[in-house]
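Please open the structure in a viewer and keep the selection panel at hand.

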Amino acid sequence: MAIEAWLMEENNEDQRLPHHKNPKEFVSMEQLAELGVLYWHLNPKDYENDMELQKIRETRGYNYMDLLDLCPEKVENYEVKLKNFYTEHIHGDEEIRYCLEGSGYFDVRDKEDRWIRIWIKEGDLIILPAGIYHRFTLDTSNYVKLMRLFVGEPVWTAYNRPQEDHPARKDYTKSFAMKIEAH
Ligand SMILES: CSCCC(=O)C(=O)O
Ligand SMILES: [Fe+2]
């Protein structure tokens, strides 16, 4: 099963709405892979014993794991957190999120600086590369439970745009330049 992603129509409507263009313009997994965004679909029902998840964690060194249940009762400063998640930012490391329940949107910038909206549902695991501009919002279902993975002690620091001098940003954009040269 593939994930759904599309070019976003930017307007002032509620961020939790899909924001499709008219007509819709879908984005393929290959296009996402070119941006360094990786994706797996796993079985979220038995994540504690899932060998496929185990293999990804071992291969990529994700020894840290926690769960984030995004609802007002379980999250301190819920509104502030949601607002920060939807503020365009980068990280110094990969952002790895595995959707166990519910759904939501990860928006990432493509090479032309357009927003691509990625719809994450139960069983979707995505990895955003270090240095990619992105943001997150709940969708109209208004609930998501995510597993967060990390290599070593987690660092969740978000650097809001602009960050063109951040080492992770420089490395990320350099990886594009090299691909263009290699063609
Ligand atoms: C709710 S996880 C996604 C939000 C985000 O981009 C982050 O945590 O850095
Ligand atoms: Fe982030």
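Begin with the whole protein. Its radius of gyration, taken over C-alpha atoms, is 16 Å, which agrees with the value near 16 Å that a compact globule of 183 residues would have; the globule rule is 2.2 Å times the number of residues to the power 0.38. The model is a predicted one, in which local features need pLDDT of at least 70 and side-chain atom pairs count only at pLDDT 80 or more, while totals for chains, interfaces and linings use all residues. Residues are numbered from 1 along each chain as its sequence is written, and chains are lettered from A and ligands numbered from 1 in the order in which they are written.

**The overall fold**

Next, switch to a cartoon display. Four helices and 10 strands make up the secondary structure; they are DSSP runs numbered from the N terminus, helices being H or I with at least four residues and strands E with at least two. From the N terminus, the order of elements is β-α-β-α-β-α-β-β-β-β-β-β-β-α.

Of the 183 residues, 22% are buried. The term means that 20 or more other C-beta atoms lie within 10 Å of the residue's own; 12 or fewer make a residue exposed, values in between make it partly exposed, and C-beta atoms are placed from the backbone. Among contacts between residues at least 6 apart in sequence, 75% join residues at least 24 apart, a contact being two C-beta atoms, placed from the backbone, within 7 Å.

**The annotated binding site**

Select His 89, His 91, Glu 95 and His 134, which an unreviewed UniProt entry lists as "binding site". Although these residues are spread over 46 residues of sequence, they cluster in space, with a largest C-alpha distance of 11.4 Å. UniProt positions are given in the numbering used here, feature names are shortened, and annotations may be inferred rather than shown by experiment.

- His 89 lies in strand 4 (residues 89–90). This residue counts as partly exposed because 19 C-beta neighbours lie inside 10 Å. Beyond its neighbours within four places in sequence, His 89 is in contact with Arg 135, Ala 158, Tyr 159, Asn 160 and Arg 161.
- His 91 is in the loop between strand 4 and strand 5. With 20 C-beta neighbours inside 10 Å, His 91 counts as buried. Leaving out residues up to four places away in sequence, His 91 touches Ala 130, Thr 157, Ala 158 and Ala 168.
- Glu 95 belongs to strand 5 (residues 95–109). Glu 95 is buried, having 22 C-beta neighbours inside 10 Å.
- His 134 is part of strand 8 (residues 134–138). His 134 is also buried, with 24 C-beta neighbours inside 10 Å. Residues up to four places away in sequence aside, His 134 touches Phe 106, Asp 107, Val 108 and Leu 128.

**Around ligand 1**

Which residues surround ligand 1? They are Leu 68, Phe 85, Glu 95, Arg 97, His 134, Phe 136, Leu 146, Trp 156 and Ala 158, where a residue is near the molecule if its C-beta atom, placed from the backbone, lies within 6 Å. The elements that give two or more residues to this shell are strand 5 and strand 8. By class, the shell has six nonpolar, one polar and two charged residues. Ala, Val, Leu, Ile, Met, Phe, Trp, Tyr, Cys and Pro count as nonpolar, Asp, Glu, Lys and Arg as charged, and the others, Gly among them, as polar.

**The nonpolar core**

Now select Phe 106, Val 108, Ile 118 and Ile 126, the residues with the most contacts inside the largest nonpolar core, which has 27 residues. Such a core is a set of buried Ala, Val, Leu, Ile, Met, Phe, Trp, Tyr and Cys residues joined through C-beta atoms within 7 Å. At least two residues each come from strand 5, strand 6 (115–121), strand 7 (124–128) and strand 9 (144–150). Strand 5 gives the most, with six residues.

Centre on Phe 106 to finish. Not counting residues up to four places away in sequence, Phe 106 touches Ile 118, Ile 120, Ile 126, Leu 128, His 134 and Phe 136.
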